[in-house]
Amino acid sequence: MRPMSENHLPTAELQALDAAHHMHPFTEGDALNAKGARIITAAQGCYLTDSDGIEILDGMAGLWCVNIGYGRQEMADAAARQMRQLPFYNTFFQTSHPPAIHLAAKLAEIAPGDLNHVFFNGSGSDSNDTNLRMARVYWAHQGKPEKQVVISRWNGYHGSTMGAASLGGMKGMHKQGGLPIPGIVHINQPDWWAEGGDMSPEEFGIARARELEEMILEVGEDKVAAFIAEPVQGAGGVIVPPDSYWPEIKRILAKYDILFIADEVICGFGRTGNWFGCQTYDLHPDIMTIAKGLSSGYLPIGGSLVSDKVAQVINAGDEFAHGYTYSAHPVAAAVALENLRILQDEKIIETVQAETGPYLKEKWEALTDHPMVGEAKIVGMMASIALTPDKASRAKFAAKAGTVGLMARERCFANHLVMRHVGDRMIISPPLVITKPEIDLLIERARKALDETYAQVKADGLWKAAEA
Ligand SMILES: *Cc1c(COP(=O)(O)O)cnc(C)c1O
């Protein structure tokens, strides 16, 4: 058998076909097509193989999702078994099937508190659309149809459908296609590095949390349906909030009669060192969004984990007129169930919490000794560093935001490491099964990429702070 990396057309031919026919998400098409996409042909453990046979350490677990690592035979077997047994059936017309039933029961078992019910969706975006409607329907069923407004955060990410992108606080997304849809308002994020000014992180955390209370009062408690937030913002740049932030949010949530939706699409399934980010921060959501790590990305599946309180109201009301053809797709559900079994049986999350997480934390935080690294933040296996030309003043680069970050990402790729950039923050979210030697390699490659970026920034005359 030929090696996997050769079992395809030559790279240039694949790139030409890709350019001619494939439209990529979140991409400037012409720019990519002129350059040619990097083509990934195989993966095993924490490593990707590209079409030229190069092995790349995947510091992003695909797109925050391949928590158990690539290439698990049991996952392929679970899919094949289920595909032979029952490849598809719907759950619309008073029918169910064993994978949906077992996965829902398993999720109820591992989820904290009274999150005992699951509405299945195809993705994280779908799930947040479900949550938006469910939160509004919850209040309508109780004779409060005017409780419609959902409060979200700038620079939060909740997906890319009309509803989910509106819930999200990505201004670049709002600019396209007439977003946000009505009834969604945003408060500021707890990003102390970028926005904290002269406040201490603790003062800033409190101030940003109090914006929730101010917004509830401004909109009117009688009009607010819910607050939605990620325990740790992922796509926004792995923004770890100051320690004061969540306790103050909790105080406010306890005071007002609104639902709390925790978007755990990234934080869930071990990413923060516990099963859920809500456990890391002791939060008690009424609804939790799950996707990504639910199946470790082996198949697309998402869900809304729903509390007894909300499920009782939704179940008792008129038909909830919502659902997807692939809600609880049997093959995706069987694969997700196998993923949960692997996470549990192999004590992957316990290992992150007790061993590999602390190991990565020590090495990651030491990156602040690099001349270009301001702060280093990490929770479990999601981490970020802020690149800056002046650590003391937390200055931004004079160059357009993201110029240096993109340069660093390119240097990482050149050194066979996937590390993403969000503006001038570099972020990682490796597979949870990453070992200590692989962590050493990740840090070694990251340091080399940072050194090369630093040299290039200086050579290009970009080592210059923006005016304050
Ligand atoms: C990725 C993500 C989503 C959207 O999930 P998709 O499966 O891409 O639709 C929603 N919320 C968060 C926090 C995410 O990271």
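**View 1. L132 sits in helix α6, which covers residues 124–141.** Helices here are DSSP runs of H or I with at least four residues, strands are runs of E with at least two, and both are numbered from the N terminus. Everything shown comes from a predicted model, in which local features need pLDDT of at least 70 and side-chain atom pairs count only at pLDDT 80 or more, while totals for chains, interfaces and linings use all residues. Residues are numbered from 1 along each chain as its sequence is written, and side-chain values use heavy atoms, with hydrogens and water left out. So is L132 buried or exposed? L132 counts as buried because its relative accessibility is 6%; the cut-offs are under 20% for buried, over 50% for exposed and in between for partly exposed, using a 1.4 Å probe and protein chains only. Setting aside residues up to four places away in sequence, L132 touches V150, G163, L167, I181 and I184, where a contact means heavy atoms within 4.5 Å. For a sense of spacing, L132 and V149 are 17 residues apart along the chain, and their C-alpha atoms are separated by 9.4 Å.

**View 2. Helices α6 and α13 pack against each other.** Helix α13 takes in residues 308–316, and its axis lies 9 Å from that of α6, at an angle of about 65 degrees. The axes are lines fitted to C-alpha atoms, for helices over the stretch in contact, and angles run from 0 to 180 degrees between N-to-C directions. The two helices, α6 and α13, are therefore roughly perpendicular; that label covers 65 to 115 degrees, with under 35 being roughly parallel, over 145 roughly antiparallel and the rest oblique. Their crossing is left-handed, meaning that the near helix is turned anticlockwise from the far one by less than a right angle (clockwise would be right-handed). Which residues meet here? From α6 come M134, V137, Y138 and H141, and from α13 come K309, V310, V313 and I314. Sorted by type, the residues of this contact are six nonpolar, one polar and one charged. Nonpolar stands for Ala, Val, Leu, Ile, Met, Phe, Trp, Tyr, Cys and Pro, charged for Asp, Glu, Lys and Arg, and polar for the others, Gly among them.

**View 3. Seven strands make an open sheet with mixed pairing.** Reading across, the order is β4-β10-β9-β8-β7-β5-β6. β4 (115–121) and β6 (184–187) are the edge strands, each with a single partner, so one side of each has no neighbour in the sheet. From one strand to the next, the twist averages 25 degrees. Inside the sheet, β7 (residues 224–229) and β8 (residues 259–263) run parallel and pair over four bridges; strands count as paired if DSSP finds at least two bridges between them. One of the bridge pairs joins F227 to F260 in β8. Helix α6 packs on this sheet and touches β4, β5 (149–153), β6, β7, β8, β9 (287–290) and β10 (302–307), its direction making about 165 degrees with that of β9. Helix α13 packs on the sheet as well, touching β4, β8, β9 and β10, and its direction makes about 95 degrees with that of β10.

**View 4. Strand β5 is mostly covered.** Five of its five residues are buried. In a regular strand, side chains alternate between the two faces of the sheet. In β5, V149, I151 and R153 point one way, while V150 and S152 point the other way. β5 is joined to β7 by three bridges, in parallel, and V150 has A226 of β7 as its bridge partner. β5 also pairs with β6 in the parallel sense, over four bridges, and here I151 stands opposite V185.

**View 5. E264 lies in the loop between β8 and α12 (277–280).** With 0% relative accessibility, E264 counts as buried. Leaving aside neighbours within four places in sequence, E264 is in contact with P231, F276, G277, C278, M288 and T289. K250 is 14 residues from E264 in sequence and 17 Å away in space, C-alpha to C-alpha.
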